[in-house]
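Hi everyone, thanks for having me. Today I'd like to talk about salt bridges, so let me put the structure up.

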Amino acid sequence: MAEARGASTWREELASLVEDTGIMYTGEAIGVSPFPPYNAANSTAAVIEDDHETELQESLKEQVTEFLQSWCEMLLELGRGCRDILQQTVVTEDSLIVQKLGGPVAKVSGRLRFLNEFLPEDRDPVHVWPVIFFVFILALSALNLNGGHVGLVPPEKKVRVHPPSASRIQLPDGRHLAYRDIGVAADKARFSLIAPHSFLSSRLAGLPGVKTSLLEEFGVRLITYDLPGFGESDPHPSRNLNSSAFDMLQLADAVGFNEKFWVLGYSSGSMHALAALRYVPHRIAGAALIAPVINPYEPSMTKEEMRSVWGDLLSKRKLMYYLARRLPKLLSVFYHHSFLSGKHGRIDKWMSLSLGRKDEILTEGSTFEDFWHRDVEESIRQGNTKPFIEEAFLLVSNWGFSLGDLQVRRKCYRSGIFPWLRSLYSQAECELTGFLGPIHIWQVCILFPFWFPCI
């Protein structure tokens, strides 16, 4: 047994104690890399540094939390102080605000008191309704923010600058007036028309939707021109409706209107057409006014007519009329943020009234949008707010005449003793005053983004 046991080598005995790992020992030396020596100082420093960073983070978090808590407490105390001040000064029975608004507010709150029945019985309505109103405002703001991303809004197009393309005449005062001649030639014209454009428009507008072939079919020669300061026309240093009428007359003579001609005005361009009827009636054959506007401050209007005119206006339009009459220079701020901002706005935003379905179909295509953009770009070519402010001021200022002056009336001269004695034995000398030609008015709202609404 001893010999047998001694015959087995120590390697065989070691292999019998463990499982076969498949690794055979070849007798070569096994290299083992020594571990680095343990340094107690470095280990302790690392632990202390980690603890210090954690303490700094916790202290910074606590400081921020305490700062926010103290700030909220200060705001709360400020709100309470303001409330106490209001209760002691404004909401007292002797204050002027309570004396003026106490009655109407009490009447309105009395009518709305039935809403308190829907509130919990243990809640004071004075505290509940402000909270409900505040939450409603927040919800409405959130809906508006989210609603802006629901649909894909096309990017706004930039305003382009085009090379000059208008025909121009020189007026006696040295200014140049740009115009456009469409329709039949001068020798074939049965009807000659001159059309001043509306606000934020130009000579390129012409008759929107009316093709040149239709004008040629009826023998119409149409002259459209840029008002002073618009498009390629030079500005007028002190223009009014009187100068506007004589600009139109000199343009008619320059383009060869030897006989009487018609004037066509739509929207705010109608006031220039009416000025021609008043100041140069001997050259006007008739007038056609489409959706004309009148001076909302017309002195000849009765109180009922004035109330009807202002009642149909939108709040924004009322504000613009007021600024144009009282503070016209402030209009430049609105103009620089709208059509002079360098970008085209959306068509639906320019509409004073909401678009119907048929109108939306007309504006969906690129034809109308391209036509509108080109006309606006020509209108603001000079990049100056002055002509637009002048145009807005002309509408709400004194025109120099009233609409009653254009009505046909019989005027008899009886002033003095001799005309009176003559009228006793013979008929008094009378004549017709006002514009004797035809005036056609279409009081309809035109689908055009920069025309004024119907009045």
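I'll walk through a few charged pairs, one at a time. Keep in mind that what you see is a predicted model.

So, how many salt bridges does the structure hold? The count is 16.

Let's start with Arg203 and Glu378. Their side chains meet in a salt bridge, with N to O at 2.9 Å. Now look at where the two sit: Arg203 is in the loop between strand 3 (191-196) and helix 6 (212-217), while Glu378 belongs to helix 14 (residues 366-379), so this pair ties together parts that are 175 residues apart in sequence.

Are these two buried or exposed? Arg203 has 2% relative accessibility, and the cut-off for buried is under 20%, so Arg203 counts as buried. Glu378 comes out at 0%, so Glu378 is buried as well.

Glu378 has another partner, by the way. Arg381 forms a salt bridge with Glu378, and there the closest N and O atoms are 3.0 Å apart. Arg381 is partly exposed, at 25% relative accessibility. And there's a network here: salt bridges with shared partners link Arg203, Asp226, Glu232, Arg374, Glu378 and Arg381.

Next pair: Glu391 and Arg239. They form a salt bridge too, and their closest N and O atoms are 2.9 Å apart. Glu391 is in helix 15 (residues 386-396) and Arg239 is in the loop between strand 4 (220-225) and helix 7 (241-254), so here the parts being tied together are 152 residues apart in sequence. Both Glu391 and Arg239 are buried.

That's it from me, thanks!

Definitions and conventions
Residues numbered from 1 in each chain as written. Predicted model: local features only at pLDDT ≥ 70, side-chain atom pairs only at ≥ 80, totals over all residues. Heavy atoms only, no water. Salt bridge = Lys/Arg side-chain N within 4 Å of Asp/Glu carboxyl O. Helix = DSSP H or I, 4+ residues; strand = E, 2+ residues; numbered from the N terminus. Buried < 20%, exposed > 50% of the residue type's maximum accessible area, 1.4 Å probe, protein only.
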